[in-house]
Amino acid sequence: MNEQLDSRGHLRHLITLDGLSGDVLSGLMDRAEAYLIAPGQPGPGDGSLEGLTVCQLFFEASTRTKISFELAARRQGADVVNLVIPTSSAAKGETVLDTLLTIQSMAVDFFVVRHKEAGLMRSIATRLGDRASLINAGEGQQSHPTQGLLDVLTIRQHKKDFKNLSVAITGDIRHSRVARSACHALLALGVHDLRLIGPENLLPESNELTHARRYTDFDAGIKDCDVVMMLRLQKERMKSGDIPDLESYRKQYCLTSRRLKLASGNAIVMHPGPINRGTDMADEVADGRQSVVRQQVGNGVAMRMAVLAAIAAGKKS
Ligand code: NCD
């Protein structure tokens, strides 16, 4: 979406990673690295949001994304307000757009929004005035750009060269905005060997993510991979009949230490969280030496600091 860049190519909103170049993504990763004291350990900000206000509106559940955006904004010196959706005027029938435009009238500079409706972010962005920027914190099953960014940052900290990587994304890919944003970022950064593993009805439609190879056989798909990204079964987005029989799903797709041995010896294991232990992966893997799940969370704060700072810099210049 070109509307997220201004006429000089600066980031004005962050709606999707689809269409952003490898250079833009690398620039954001470099900026995030500057806010880390060690991989996965966010340090202090640089005050680049001093005098600016961030409003968070999470219409869907969130732990990591919401808290990390708020910490990122505060560490950059912003004022942060949160709308509590169940007790807001949304409960009286106000549309999301009216809610945002109302709050915009109070001189807000950034909106951080999570919502289940596909296409909503783009339509909001086109209606915001010059002052406010929109950051997508999760849009239906379509996109989750800051998650995609923190994921590639985490991969870069372990694996220097994207071009020769084998990356497997496993589980409920069909309903996963995390998988879609990760694929957009990985392809832009030059990954050639991208594999999607899951039961047939949880793989994306055949006309989507066509650059990736598809596997229903976990053991074949994970073979010699450098990165294994596990996903949760997103029941809240499934239609009846989509949910596989849980026991057979676990048998075929839960990442156990036996299965992980089929990947490359120094493969990293990722998960955006929340983990359903025993279904997505076994405890021994989630807490094992190859897991970078906690590092992803820490990187998420630095990456959100970077995105906020990049957009704020564009506003000032
Ligand atoms: C994910 C999300 O909300 O899309 N979580 C996250 O933001 N870290 C993944 C999920 O809910 O399974």
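This is a predicted model: local features need pLDDT of at least 70, side-chain atom pairs count only at pLDDT 80 or more; totals for chains, interfaces and linings use all residues.
User: Okay, strands. Which strands does β10 pair with?

Analyst: General idea first: helices (H or I, at least four residues) and strands (E, at least two) are DSSP runs, numbered from the N terminus. Two strands pair if DSSP finds at least two bridges between them. Here, β10 covers residues 227–230. Four bridges join it to β7 (residues 166–170), and those two run parallel. Three bridges join β10 to β11 (residues 268–270), again running parallel.

User: Are the faces of β10 buried or exposed?

Analyst: Buried means under 20% relative accessible area, exposed means over 50%, and partly exposed is in between (1.4 Å probe, protein chains only). Both faces of β10 are covered: V227 and M229 are buried on one side, V228 and M230 on the other.

User: How do I read a salt bridge, and how many are there?

Analyst: Side chains of opposite charge can pair when their charged atoms come close. The cut-off is a side-chain nitrogen of Lys or Arg within 4 Å of a carboxyl oxygen of Asp or Glu. The whole structure has 19 salt bridges. One of them joins R131 and D109, at 2.7 Å from N to O. That pair links distant parts of the chain, 22 residues apart: R131 is in the loop between α4 and β6, D109 in the loop between α3 and β5. R131 is partly exposed at 43%, while D109 is buried at 3%.

User: Where do E208 and R180 sit?

Analyst: Those two form a salt bridge too, with their closest N and O atoms 2.5 Å apart. E208 lies in the loop between β8 and β9 and R180 in helix α6, so the pair ties together parts that are 28 residues apart in sequence. E208 is partly exposed, with 23% relative accessibility, and R180 is buried at 6%.

User: Which residues are joined into a network of salt bridges?

Analyst: Start with a separate pair, D283 and R277, whose closest N and O atoms are 2.9 Å apart. D283 is partly exposed at 44%, and R277 is partly exposed at 40%. As for the network, salt bridges with shared partners join E60, R177, R232, E236 and R237.

User: Now the ligand. Which residues are around it?

Analyst: A residue counts as near a molecule if one of its heavy atoms lies within 4 Å of it. Around the ligand you'll find T65, R114, H144, Q147, R177, V178, R232, P272, G273 and P274. For G273, a backbone N or O atom lies 3.0 Å from a ligand nitrogen.

User: And what is Q147 in contact with?

Analyst: Contact means heavy atoms within 4.5 Å. Leaving aside neighbours within four places in sequence, Q147 is in contact with V178, P272, Q296 and R304. Q147 belongs to helix α5 (residues 145–158) and is buried, at 6% relative accessible area.

Definitions and conventions:
Residues are numbered from 1 along each chain as its sequence is written. Side-chain values use heavy atoms; hydrogens and water are left out. A polar contact is a pair of N or O atoms within 3.5 Å; within protein, one must be able to donate a hydrogen and the other to accept it, and residues adjacent in sequence count only if both atoms are side-chain atoms.
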